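Visitor: I'm new to this one. Can you walk me through it?
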Amino acid sequence: MKLPVAVGALGGLLFCAAVAASSARVAHLDSAVPAGRTEATPYQRIVPAPAAVAPGGPGYTLGARTVIRTTAGSGEVRAIGEQLAAAWRRTARLPLPVEGTDAGAGTDGIRLRLDPYAGGFGEEGYRLQSDEDGVLVTAYRPAGLFRGTQTLRQLLPEGAAPWTVAGGAVTDTPRFAHRAATVDAVRAEDGIDRLKSYVDQLALYKINVLRTRGVWTGGEYRELVRHARGRYMEVLPDRRQAAQGPVVTYARQDGASAAERAKLAEAVRAGARVILSPADRAVSVRRAYEWDPGNCLPGLPRQAVWGVEAPPEHGHFQQVLGVAELGWSPAAALNWDTYRQRLAAQGPRLDAMGVRYSRTPEVPWP
């Protein structure tokens with residue numbers, strides 16, 4: 001999938017400091033952990049928080065007879081099914097055959113279905129439904145099916161049987177089209193295989209653009225691009241190389257001056273699209289999370305914001321996850337108290353994937 005690049009009179013790139021969130025921010029009730037509960041349900045652990053969730057009812061337990069069925073005639077959807085099967089085979093140790101049809105009856109598995117009438121989902125939206133008869137993921141485009149399978153993966157327990165997908169439903173679409181992470185790959189140990197693993201880790205959390213700062217051979221770079229494309233992620237070179245005009249960099253933490261706002265407004269009127277990012281990767285997890293890209297700078301129209309971008313990770317993957325949620329989840333879901341619980345619940349999964357992250361004391365890691 002070719003994702004559009006932010007372009008405009010000033011290159012379309014603006015980097016905004018994390019702004020303190022309003023104390024009046026509305027909690028996302030579907031993802032909040034109920035008072036008195038010590039353990040969240042699987043739907044309350046998803047990162048980024050979905051647009052809408054409705055947990056409940058019996059779930060579906062994977063077993064030796066589970067089949068992954070994909071839309072007939074679509075090799076692209078079948079490839080998504082194969083990826084899902086491969087990810088689960090390593091942990092569940094089940095055969096999980098993939099079939100090129102989503103037809104058939106029975107309680108034998110998971111269906112990945114393209115729906116030509118589901119245009120409201122856009123390129124990346126999806127619906128996931130799980131009950132005792134199986135799991136159905138529906139989307140308008142293959143990218144949406146892929147995003148749905150990443151949510152589905154998070155609904156399974158990490159490293160423990162039974163392999164039950166909790167009963168319930170998710171309806172989900174991204175808030176912003178551009179959700180990027182940046183990688184500095186200039187050290188010898190940053191081989192192409194580690195970068196491919198990093199792409200897989202980012203994809204699980206619905207990042208769809210990888211900014212690269214590094215030197216590889218042409219063959220390595222093409223290999224990385226192919227791998228990312230299979231995860232519906234675009235690889236873009238360093239912005240200084242890619243920009244088609246001057247790049248506006250905003251790295252202050254105390255708000256934009258009147259002159260800066262005027263310069264930005266001029267760029268937006270000229271057609272620039274704005275990408276926002278925390279200015280300092282060393283800030284706390286809470287500060288990196290507690291700002292709203294849709295309400296970051298006074299006078300910046302919401303429609304001018306193309307997306308968000310995380311700075312280079314150096315053992316700060318937990319901050320990348322915060323930016324992923326800011327880019328995907330609806331504004332009503334952005335709540336630090338519930339997010340820190342959901343982030344903590346990702347700890348065992350991050351450990352299992354070999355992700356480098358800091359166990360910051362702001363988060364109640366298990």
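This is a predicted model: local features need pLDDT of at least 70, side-chain atom pairs count only at pLDDT 80 or more; totals for chains, interfaces and linings use all residues.

Visitor: What comes before Lys-206, and what is its phi?
Guide: Lys-206 follows helix H3, and its phi is positive, near 70 degrees.

Visitor: How many residues does H3 have, and how far does it reach?
Guide: H3 has 13 residues and reaches 19 Å from its first C-alpha to its last. That is close to the 18 Å expected at 1.5 Å a residue.

Visitor: Which residues of H3 are buried?
Guide: Among them are Ile-192, Leu-195, Lys-196, Tyr-198 and Val-199. Gln-201 is also one of the buried residues of H3.

Visitor: Switching to aromatics. How many aromatic pairs are there?
Guide: The structure holds seven aromatic pairs. One of them is formed by Tyr-198 and Phe-317, with ring centres 6.1 Å apart and planes at 70 degrees.

Visitor: Why is that pair edge-to-face?
Guide: Planes over 60 degrees apart count as edge-to-face, and the rings of Tyr-198 and Phe-317 are at 70 degrees, so that pair is edge-to-face.

Visitor: Where do Tyr-198 and Phe-317 sit in the chain?
Guide: Tyr-198 is in H3 (residues 192-204) and Phe-317 is in helix H8 (residues 317-328).

Visitor: Are Tyr-198 and Phe-317 buried or exposed?
Guide: Tyr-198 is buried, with a relative accessible area of 2%. Phe-317 is buried too, at 1%.

Visitor: Which pair is next?
Guide: Tyr-289 and Tyr-339 have ring centres 4.1 Å apart and planes at 5 degrees, so they are stacked. Tyr-289 lies in helix H7 (residues 285-289) and Tyr-339 in helix H9 (residues 336-345), so the pair ties together parts 50 residues apart in sequence. Both Tyr-289 and Tyr-339 are buried.

Visitor: Which residues do ring pairs link into a cluster?
Guide: Tyr-198, Tyr-205 and Phe-317.

Visitor: New topic. How much space lies in the largest pocket?
Guide: About 650 Å³. Its lining has 27 residues, and those closest to the centre are Ala-87, Arg-90, Arg-153, Asp-200 and Met-353.

Visitor: Which elements give two or more residues to that lining?
Guide: They are helix H1 (75-92), helix H2 (142-155), H3 and helix H10 (347-353). H1 gives the most, with nine residues.

Visitor: How do the lining residues divide into nonpolar, polar and charged?
Guide: The lining of the largest pocket has 14 nonpolar, seven polar and six charged residues.

Visitor: Back to the backbone. Which residues does a cis peptide bond join?
Guide: Val-47 and Pro-48, with omega at about -5 degrees. Pro-48 is in the segment before strand E1 (52-55).

Visitor: What is the phi of Leu-96?
Guide: Leu-96 is not a glycine, yet its phi is positive, about 45 degrees. Leu-96 lies in the loop between H1 and strand E4 (98-99).

Visitor: Is Leu-96 buried or exposed?
Guide: Leu-96 counts as buried, at 0% relative accessibility.

Visitor: And what about Tyr-232, where is it found?
Guide: Tyr-232 is in the loop between helix H4 (218-229) and strand E12 (234-237). Its phi is positive, near 55 degrees, in a residue other than glycine. At 5% relative accessibility, Tyr-232 counts as buried.

Methods: Residues are numbered from 1 along each chain as its sequence is written. Side-chain values use heavy atoms; hydrogens and water are left out. Rings of Phe, Tyr and Trp (its six-membered ring) pair if their centres lie within 6.5 Å; planes under 30 degrees apart count as stacked, over 60 as edge-to-face and the rest as tilted. Helices (H or I, at least four residues) and strands (E, at least two) are DSSP runs, numbered from the N terminus. Buried means under 20% relative accessible area, exposed over 50%, partly exposed in between (1.4 Å probe, protein chains only). On a 1 Å grid over the protein atoms alone, a cavity is a set of points where a 1.4 Å probe fits but cannot get out, and a pocket is an open set with protein on both sides within 12 Å along at least five of seven lines; lining residues have an atom within 4 Å of a point. Grid points are joined across faces, edges and corners, and a volume is the space filled by probe spheres set on the points. Ala, Val, Leu, Ile, Met, Phe, Trp, Tyr, Cys and Pro count as nonpolar, Asp, Glu, Lys and Arg as charged, and the others, Gly among them, as polar. The expected span of a helix is 1.5 Å times one less than its number of residues.
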